[in-house]
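Here are some notes to read alongside the model, written as numbered points. Please keep the structure open while you go through them.

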Amino acid sequence: MADRKITIFIYASNIIVSVLFIIPLLWMIVSSLKPENQIFTDLDSIKSLLPTTITLDNYIKAFHRIPMMKYLFNSLFYVSIIGISGLGVNSLCGYALAKLSFKGKSVILTAIIALMIVPFESIVMPLYFVVNSLSWVNTWLALIVPFIANCFSIFMFRQFFMDIPNELLESAAIDGSSPMKTFIKIVVPLSGPVFTTVFILDFISHWGDFMWPILVTTGESLRNIQLGIQTFFTLPPIFYGQIMATLTFTTLPIVLIFLLLQKYYVQGITSTGIKG
Amino acid sequence: MQSVSSQQVQAQTGSKKSKLSSIGLQKRRESVTGISFVLPAVILLIIFLLLPFMLAVAFGFTKFNLLRPDQIKFIGFDNYVLLFQDKLFYKSLYNTLYFTIIVVPVQSAVALMLALLVNNRLKMRNVFRIAYFSPVITSMTVIAILWISLYNPNEGLINSALHALGIPKQPFLRSADQAMNSIIFMSVWQAAGYQMMIFLAGLQSIPKDLYEASAMDGANRLQQLKYITIPSLYNVIVFVLTITTIQAVKLFTQPYVMTNGGPENSTRTLALLIYQQGFQFRNAGYASAVSVIFFLLVVIISFSMKKFLKD
């Protein structure tokens with residue numbers, strides 16, 4: 001009896017709280033599909049959360065006013081390149097730190113763990129100085145290269161590779177496999193989950209990049225989608241329906257990627273949480 | 001006989017030597033491989049992380065415009081002296097700490113509550129989880145722009161809802177008293193789902209028989225929460241507090257997009273101050289000094305949290 005009451009209580013609380021959590025996003029999506037004037041006339045009632053008249057007008061108009069597809073492409077392009085090249089560079093480094101012995105290994109490992117603490121905000125200016133000295137401002141290089149190597153990714157790879165049995169690697173070496181070949185033929189196929197996890201964590205965090213792209217992109221040609229919607233928001237005349245359309249559109253790709261790779265993303269979050 | 005044996009000995013030592021040298025060779029080869037594997041990452045980290053970090057410290061002692069490196073001037077501790085006399089710096093430090101001190105406990109408590117809510121055998125468990133998590137995957141820029149609209153004093157959804165409840169309209173982001181709290185409310189809503197996931201993993205690692213045994217002893221749900229759940233989660237709680245604190249100190253995108261530090265500097269944070277001094281006023285030296293203080297703040301927080309974790 002008491003258990004049943006508790007179950008009902010838990011269900012009710014979950015429903016109420018999840019509705020509160022979802023309302024802002026629901027309003028965003030629903031408003032993006034409504035004619036502009038209706039967004040405001042519906043505001044005082046539950047109709048503000050219901051698609052009373054559905055139209056794609058806001059999307060079409062917004063896309064005429066700003067090059068959304070270009071921004072989308074830019075974001076997908078540079079974020080993917082960071083993610084993919086990061087997998088190569090960081091996994092090799094993590095592997096060497098986990099399984100190979102070489103001079104200076106412990107110094108490098110300690111340095112990488114220590115550098116994890118440096119917040120991006122505290123180095124953003126000198127980083128700009130470095131990138132500017134390389135004449136990379138307003139090029140893809142500025143958006144990509146500084147973020148390929150990532151202490152956190154290296155550490156995640158190292159933790160995962162530590163658990164691969166040494167016997168497996170030794171027997172490959174006895175069979176005459178070079179370390180690189182062992183890595184590609186034996187280690188990588190065993191490590192699908194960690195590669196996926198690191199990629200998606202990297203991808204989602206750079207998808208939201210805002211401060212750095214403002215600094216290193218001056219023209220529209222390299223602007224990412226976050227800067228695109230921010231510019232659009234400040235671009236008069238302001239139509240809320242169109243703004244909600246661009247926000248919804250910006251959120252779609254990341255939701256798709258999340259739904260596809262949900263398991264790994266959550267794994268990434270929780271594994272970092274449990275290990276501390 | 002003797003010559004044979006000495007030959008044998010020689011042969012033996014020879015083979016031992018060659019074996020030793022082959023091990024040495026292998027070790028050397030492994031060392032070369034190891035170094036070549038870490039080199040790309042290490043070079044990138046040196047150029048784009050370690051060097052900028054050291055430059056931040058060095059620039060802090062200079063008067064310097066980022067775009068005119070030929071006019072750099074060493075001025076010793078002047079930036080720091082200036083900084084500790086700057087009302088805006090104290091205001092930014094205060095705002096940063098205010099945000100952190102409120103957001104960290106509130107967000108962690110909300111996250112724990114959400115985790116407890118979904119950590120039950122419910123049919124729609126995954127639906128609830130995704131609902132709580134959906135703001136996390138939405139980017140902060142999207143969230144910030146969306147909430148400017150929600151907070152709109154005249155035509156915003158929140159004021160409409162308040163109006164329906166008979167509460168007068170609020171200015172939210174337009175008022176110096178409410179702007180920071182409005183940003184706090186939104187930030188908790190956005191990020192609680194992230195911490196919820198970590199708590200959830202922690203909850204699932206608590207052995208089930210602890211609950212069964214305590215239920216046999218007649219403990220009710222609240223007692224179980226107090227005597228089993230919370231103590232078992234201790235390490236996870238400290239971890240969540242640590243990462244939330246470090247994230248909170250970096251507050252930038254929300255005030256940049258939503259208020260640009262206003263009204264009356266009520267939402268200006270250290271990260272925003274660094275950005276504005278460095279890139280808008282081109283005061284790279286001064287901004288670097290703020291960066292150094294900011295970094296020290298993060299270090300102090302992490303270390304004190306670590307110590308707390310060990311005790």
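**Notes on the predicted model**

1. Two or more lining residues come from each of helix 1 (2-32) of chain A and, in chain B, helix 3 (87-118), helix 7 (179-204), helix 8 (208-216) and helix 9 (221-232). Helix 1 of chain A gives the largest share, 6 residues. The volume of this pocket is about 1200 Å³. For the terms: on a 1 Å grid over the protein atoms alone, a pocket is an open set of points where a 1.4 Å probe fits, with protein on both sides within 12 Å along at least five of seven lines, and lining residues have an atom within 4 Å of a point. Points are joined across faces, edges and corners, and the volume is the space filled by probe spheres set on them. Helices (H or I, at least four residues) and strands (E, at least two) are DSSP runs numbered from the N terminus.

2. A word on conventions. This is a predicted model, in which local features need pLDDT of at least 70 and side-chain atom pairs count only at pLDDT 80 or more, while totals for chains, interfaces and linings use all residues. Residues are numbered from 1 along each chain as its sequence is written, chains are lettered from A and ligands numbered from 1 in the order in which they are written, and side-chain values use heavy atoms, with hydrogens and water left out.

3. What classes of residue make up the lining of the second largest pocket? There are 14 nonpolar, 8 polar and 6 charged residues. Here Ala, Val, Leu, Ile, Met, Phe, Trp, Tyr, Cys and Pro count as nonpolar, Asp, Glu, Lys and Arg as charged, and the others, Gly among them, as polar.

4. Now for chain B as a whole. Chain B has 13 helices and 2 strands. Its radius of gyration is 29 Å, well over the 19 Å that the globule rule gives for 311 residues, so chain B is more spread out than a compact globule. That radius is taken over C-alpha atoms, and the rule is 2.2 Å times the number of residues to the power 0.38. Along the principal axes, the C-alpha atoms of chain B fill a box of roughly 115 × 75 × 35 Å. Of its 311 residues, 51% count as buried, where buried means under 20% relative accessible area, exposed over 50% and partly exposed in between (1.4 Å probe, protein chains only).

5. A:Thr251, in helix 14 (residues 240-275) of chain A, is buried, with a relative accessible area of 8%. Beyond its neighbours within four places in sequence, A:Thr251 is in contact (heavy atoms within 4.5 Å) with A:Met28, B:Thr138 and B:Val142. A:Leu143 belongs to helix 7 (residues 140-144) of chain A and is buried at 1% relative accessibility. Residues up to four places away aside, A:Leu143 touches several others, including A:Tyr78, A:Trp212 and A:Leu222. A:Leu143 and A:Leu222 are 79 residues apart in sequence, with their C-alpha atoms 9.0 Å apart.

6. In the model, residues 72-261 of chain A are 76% helix and 0% strand, and residues 93-305 of chain B are 75% helix and 0% strand.

7. Finally, please check the backbone in some loops. Most residues other than glycine have a negative phi, and most peptide bonds are trans. The bond from A:Pro236 to A:Pro237 is cis, with omega near -5 degrees, and the bond from B:Gly262 to B:Pro263 is cis, with omega near -15 degrees. B:Pro263 sits in the loop between helix 11 (253-258) and helix 12 (270-280) of chain B. B:Glu264 lies in the loop between helix 11 and helix 12, has a positive phi near 55 degrees and is exposed at 68% relative accessibility. For B:Asn265, phi is near 60 degrees, and this residue is partly exposed at 25%.
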